[in-house]
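Here are my notes for you, as numbered points. Keep the structure open while you read, and find each residue as it comes up.

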Amino acid sequence: MEKKIWLSPPHMGGTEMSYIQQAFDTNWIAPVGANVDAFEKQIDEFMGYGHVAALSSGTAALHLALVLLGVTRGDFVICQSLTFAASANPIIYQGATPIFVDSEPLTWNLCPDALESAIKHCVRKGRKLKAIIIVHLYGMPARMDEILTVCHHHNIPIIEDAAEALGSAYKGQKAGSLCRFGIFSFNGNKILTTSGGGALWSEDPMVIQKAKFLATQARDPAPHYAHSVTGYNYSLSNICAGIGRGQMEVLEERIAQRRANYAFYQQTLSTLPGLKFQNEPPECLSNRWLTALTLDFQQTGISPQTLVAALECKNIESRHLWKPMHLQPLFKDAPYFGGTIAGDLFRSGICLPSGSSLAEDDLQRVTQVITNLFA
């Protein structure tokens, strides 16, 4: 059998072990240390401005953002429906009610018109709308100008879920730095990995200082263990931060490799009838974490299930698009605003192998399976 082609395997840069060794040599194995400090500084510098708290996961970062915004039981939080469950689960942690919003067809991200409808619903209900979570899906920035206009009009803070979008940009500004909070994931399948990890970004240094306080069990400055508020065990290990330091050194290269993967797929497959790739509007730069496409079954007679199975037969991993949150059993009673775009994308789309280490013959294997299916 031919070698396995994975969807998005981790890809080391080469210097990670030296930073890990430093942590062992200095005996800093705890969730503090030189690697954590240096990793946060690297992200700060990459983003261009602002402040960063390195955390144990992107989910932890999103949860802390909600805590810092004062989200509590009975509040409303609007969330993009077409996303991974980690975008919505922290709303439940806080006892708040998620309100899901449809996508728009250009970027597949949160629809500004449906967002306006959802906000008006909250106003009619007379319940506090504390936050809006937008997602830069598969690395593609959302239509931020329109979303920001709506949210500023209603004075609602935005959390940018840029878990998949480190290195993406909107009108030259880094994704994750356009709103009150930005969150990133460094899970094993991301463009930058620390094995498990994440980060919270804010322009406000005091907010990040408070996030770090909450992430370390909210221990008060006292000569004994004193706690006045609920804290969390969300700090990033100094070992994992060492991996992140090495990964940051090759981040620009990784983005270029992912974009090259997309370019190969797009050039090779775009002439196939009924196959369409996720758009990149002129104002957007996607890191192309995953190359995603849709199949028009009426034109092709090929379903995503058929394509996934054909690739799997050749030992190639692919994946369906995220199942929208409003279609998940967990959130079956949550309000939803919009039409069928998110659901249609889920039913027609797949993600192709997009790892930074893919060779040209790997890409050719993938595209050959697809073109054979269309023959």
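1. Two terms before we start. A residue is called buried when its relative accessible area is under 20%, exposed when it is over 50%, and partly exposed in between, with a 1.4 Å probe and protein chains only. Helices (H or I, at least four residues) and strands (E, at least two) are DSSP runs, numbered from the N terminus.

2. Where the values come from: this is a predicted model, in which local features need pLDDT of at least 70 and side-chain atom pairs count only at pLDDT 80 or more, while totals for chains, interfaces and linings use all residues. Residues are numbered from 1 along each chain as its sequence is written, and side-chain values use heavy atoms, with hydrogens and water left out.

3. Start with helix α8, residues 238–248. How many of its residues are buried? Eleven of its eleven residues are, and the helix is mostly covered. The buried residues include N238, R245 and Q247 as well as I239 and I243. What covers them includes α1 (16–25), α2 (34–47) and α9 (251–269); a contact here is a pair of heavy atoms within 4.5 Å.

4. Look at how α8 begins. S237 caps its N-terminal end, with a side-chain oxygen 2.9 Å from the backbone nitrogen of I239. That is a polar contact, meaning a pair of N or O atoms within 3.5 Å; within protein, one must be able to donate a hydrogen and the other to accept it, and residues adjacent in sequence count only if both atoms are side-chain atoms.

5. Is T194 buried or exposed? T194 is buried, at a relative accessible area of 0%. Setting aside neighbours within four places in sequence, T194 is in contact with F39, F186, L236, C240, I243 and G244. Of these, C240, I243 and G244 are also among the buried residues of α8.

6. Now for helix pairs. Two packed helices are described by the angle between their axes and the distance between the axes. The axes are lines fitted to C-alpha atoms, for helices over the stretch in contact, and angles run from 0 to 180 degrees between N-to-C directions. Angles under 35 degrees count as roughly parallel, over 145 as roughly antiparallel, 65 to 115 as roughly perpendicular and the rest as oblique.

7. Take α11 (residues 304–313) and α13 (residues 360–374): their axes come within 10 Å and cross at roughly 130°. Thus α11 is oblique to α13. T306, L307, A310 and L311 of α11 meet V366, V369, I370 and L373 of α13. These residues divide into seven nonpolar, one polar and no charged. For the classes, Ala, Val, Leu, Ile, Met, Phe, Trp, Tyr, Cys and Pro count as nonpolar, Asp, Glu, Lys and Arg as charged, and the others, Gly among them, as polar.

8. Compare that with α3 (residues 58–68) and α7 (residues 205–215). Their axes also come within 10 Å, and the crossing is at roughly 115°. That is why α3 and α7 are roughly perpendicular to each other. On the α3 side the contact is made by L64, V67 and L68, and on the α7 side by V207, K210, A211, L214 and A215. By class, there are seven nonpolar, no polar and one charged residues.

9. Check T300 next, in helix α10 (residues 297–300). T300 counts as buried at 18% relative accessibility. F374 is 74 residues away along the chain, yet the two C-alpha atoms are separated by 7.4 Å. Not counting residues up to four places away in sequence, T300 touches P273, G274 and F374. Its side chain reaches the backbone nitrogen of I302 at 3.0 Å.

10. Last, two residues for their backbone angles. Most residues other than glycine have a negative phi. What is phi for N155? It is near 55°, a positive value. N155 lies in the loop between α6 (144–154) and β5 (158–161), and at 69% relative accessibility N155 counts as exposed. A218 has a positive phi too, of about 50°. A218 is in the loop between α7 and α8, but A218 is buried, with a relative accessible area of 0%.
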